[in-house]
Amino acid sequence: MPDGDLTAAVRAIATGDLRPEVGLILGSGLGDLAERIETPRRTSFGAVPGMPATTVVGHAGEFVIGHFGGRVVAAMRGRLHLYEGHSAATVTRPVRLLHALGCRTLIVSNAAGGINPAFGVGDLMAIEDHIALPGLIGHHPLVGRSEDRFVDMVGAYDRDLIERASRAASAVGIRLHRGVYAMVVGPSFETPAELRLLRTVGADAVGMSTALEVIVARQVGMRVLGISCITNQADPGGGAPVDHLDVLAVGRSVGARFGELVTRVIGTLPT
Ligand code: HPA
């Protein structure tokens, strides 16, 4: 979907008379939040020109537009990943789409392995920064673009939104860590040696998504809040094996808390 085709994709998404302000990307196991969107208008990925269907168990693959937390949101239930064989440009097209629909704030979530030993399974982490060097993951969504490619990534994860999330979390007794998210391509989980490397360079959590989407969100000028759900320990000492179905199950069990946090954050966003 070259940028010019965004118009066709935008037209294919059912919005009714709603103009979404906040984009939500719901990661593995976190899609249930979309059930709580009121007056939902649903469009499956497959119905949107240029959007491949998702191939991942636990990712439904639909846009849901409606009211949530007192605002109009456009949620993506499921996302595209590099490990499905998509290019970095394809993986990040939905972000361009959310922006074209009118969203100026993006709340992006994911399931992640907790590298920081202080993190427990089921905890949430506000992403303060990420590591996604093309040298490590081999992909970048802006390679080959001729304009707007030198995007500043200092402060990509909006300080004010992190503060709002922290206040919202305290208000409802949710523990919200802060930390650095390292993106890997996957789809295999990391070896202990890889986790030691990531820990050494300052990563607190590791996952297979998000960072490329955030680069494009910053390119188009969206404010970003990133939330990781720690679904497993990513133990540099070589702990318990990781299983995708466990990742989904933990995501679902944390879903209610995640939804509560997101509702409250959205409720405090300036109009
Ligand atoms: N590693 C990479 N991605 C993940 C993990 C992990 O341990 N858990 C959930 N997504």
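These legends accompany close-up views of the ligand and its pocket in a predicted model.

**View 1. The residues around the ligand.** Welcome to the shell: the ligand is surrounded by A111, A112, G113, F189, E190, V206, G207, M208, T231, N232 and V247. Sorted by class, these shell residues are six nonpolar, four polar and one charged.

View 2. An N or O atom in the side chain of E190 lies 2.8 Å from a nitrogen atom of the ligand. On the backbone side, an N or O atom of G113 is 3.3 Å from a ligand nitrogen atom, and a backbone N or O atom of A111 is 3.4 Å from a ligand nitrogen atom. Taken alone, the ligand exposes 260 Å², and the protein buries 95% of that.

**View 3. Elements that build the shell.** The ligand sits in the largest pocket. Two or more shell residues come from each of β5 (105–114), β8 (205–207) and β9 (223–233). Strand β5 gives the largest share of the shell, three residues.

View 4

View 5. At least two lining residues come from each of β5, α5 (192–200), β8, β9 and α7 (244–268). The largest share of the lining, four residues, is supplied by β5.

Conventions: Residues numbered from 1 in each chain as written. Predicted model: local features only at pLDDT ≥ 70, side-chain atom pairs only at ≥ 80, totals over all residues. Heavy atoms only, no water. Near = heavy atom within 4 Å. Polar contact = N/O pair within 3.5 Å; in protein donor to acceptor, adjacent residues only side chain to side chain. Areas by Shrake-Rupley, 256 points an atom, 1.4 Å probe, with all protein chains shown as cover. 1 Å grid on protein atoms, 1.4 Å probe; cavity = no way out; pocket = protein on both sides within 12 Å on 5 of 7 lines; lining within 4 Å. Sits in = over half its atoms within 2 Å of the grid points. Nonpolar A, V, L, I, M, F, W, Y, C, P; charged D, E, K, R; others polar.
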